[in-house]
Amino acid sequence: MRRIATAAVIIALLLAVLWLPWQAFALLMALVLLLAWSEYARLVRPLGVVPASVPGALVALGCALSFASSSPGAPLLWLLLGVLVATAASLREGYSDPTRFVGALAATLCGIVWLGLIPGAHIGLRRLPDGETWLLFVYAAVAVGDSAALYGGTAFGRRKLAPFLSPNKTVEGTVAGIVGSAAASYAVGMWLPGVSDLQAVGLGVLLGAAGQVGDLMESALKRAAGVKDSSALLPGHGGVLDRVDSHLPAGAVLYLVLSAGWVA
């Protein structure tokens with residue numbers, strides 16, 4: 001019941017914010033980013049690396065919000081700033097071991113990309129024509145895909161996908177998840193003018209695969225850290241990272257596809 005109640009609150013909040021001005025969605029993404037960064041910093045510390053928590057979080061926030069700018073080069077400039085800040089912060093720690101220095105630098109840069117550049121693409125999506133529907137397209141594809149993967153894997157799963165990363169994931173569940181994403185994309189795609197049924201299904205397959213990769217990435221991080229959830233912030237769901245791990249890369253992939261003009 002806690003899981004259902006938490007999910008209902010999250011869905012209601014998201015649906016409400018999606019149809020408000022895009023600035024409201026940007027503020028929500030900023031909050032999600034900061035909460036996810038705090039969980040990420042805690043997850044990587046047991047691995048022996050210490051990211052530049054405050055400077056890295058601020059650069060990640062700036063990188064995400066730069067997608068609200070009319071300048072297409074703004075995110076790249078923030079990413080370059082992130083390289084400089086991460087290097088300076090790691091040098092300031094005064095590591096005597098080059099391995100620890102490289103580890104801290106890599107952890108900070110990875111966090112900026114994962115929790116700054118990629119969430120920023122969702123803000124970019126929201127600012128596009130029919131942006132709220134495109135975001136709904138992403139979230140529906142990933143959510144349905146996750147459920148289909150869970151039930152498909154439980155019912156038909158035989159072959160392990162990557163047991164050293166996530167022992168419960170199966171090849172059959174992954175296929176079921178991608179099929180579920182394609183079905184959800186087909187349904188929501190009917191509300192998007194100029195998008196053919198074939199394009200909607202193709203995007204669903206792409207987003208489903210991206211979501212699976214994002215889920216595996218976070219599973220690998222949690223498994224390396226020896227924890228089950230990124231935090232206990234969301235009752236019945238774990239942490240913020242546990243909820244957005246699949247959605248973040250899927251939204252970034254769709255933003256790239258639309259920005260390249262591959263879909264009307």
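Val240 is found in helix α9 of this predicted model. The chain has 10 helices and 2 strands, and its elements run α-α-α-α-α-α-β-β-α-α-α-α from the N terminus on.

- The C-alpha atoms of Val240 and Ala36 lie 5.6 Å apart in space, although 204 residues separate the two in sequence.

**Overall dimensions and surface**

- A compact globule of 264 residues would have a radius of gyration near 18 Å, and the 19 Å of the chain agrees with this.
- The C-alpha trace spans about 55 × 45 × 35 Å along its principal axes.
- Of the 264 residues in the chain, 48% are buried.
- The accessible surface of the chain comes to about 12900 Å², and carbon and sulfur atoms account for 72% of this surface.
- Taking contacts between residues at least 6 apart in sequence, 70% join residues at least 24 apart.
- The chain carries 16 positive and 13 negative side chains, with the centres of the two sets 6 Å apart.

**Helix α3**

- Helix α3 covers residues 53–65, a run of 13 residues.
- From its first C-alpha to its last, α3 reaches 18 Å, close to the 18 Å expected at 1.5 Å a residue.
- The buried residues in α3 are Gly56, Ala57, Val59, Ala60, Leu61, Gly62, Cys63 and Ala64.
- These buried residues of α3 pack against α2, α4 (74–92) and α5.

- Buried positions in α10 are His247, Leu248, Pro249, Ala250, Gly251, Ala252, Leu254, Val257 and Leu258.
- The cover over the buried residues of α10 includes α2 (22–44), α5, α6, α8 (197–225) and α9 (240–244).

**Gln212 in α8**

- Gln212 has its place in helix α8.
- With a relative accessible area of 12%, Gln212 falls under the 20% cut-off and so counts as buried.
- Beyond its neighbours within four places in sequence, Gln212 is in contact with Ala149, Gly173, Thr174 and Gly177.

**Asp130 between α5 and α6**

- Asp130 lies in the loop that connects α5 (98–126) and α6 (131–156).
- Although Asp130 is not a glycine, its phi is positive, at about 60 degrees.

Definitions and conventions. Residues numbered from 1 in each chain as written. Predicted model: local features only at pLDDT ≥ 70, side-chain atom pairs only at ≥ 80, totals over all residues. Heavy atoms only, no water. Helix = DSSP H or I, 4+ residues; strand = E, 2+ residues; numbered from the N terminus. Rg over C-alpha atoms; globule rule 2.2 N^0.38 Å. Buried < 20%, exposed > 50% of the residue type's maximum accessible area, 1.4 Å probe, protein only. Contact = heavy atoms within 4.5 Å. Areas by Shrake-Rupley, 256 points an atom, 1.4 Å probe, with all protein chains shown as cover. Lys, Arg positive; Asp, Glu negative; His and termini not counted. Charge placed at Lys NZ, Arg CZ, Asp CG, Glu CD. Expected span 1.5 Å × (residues − 1).
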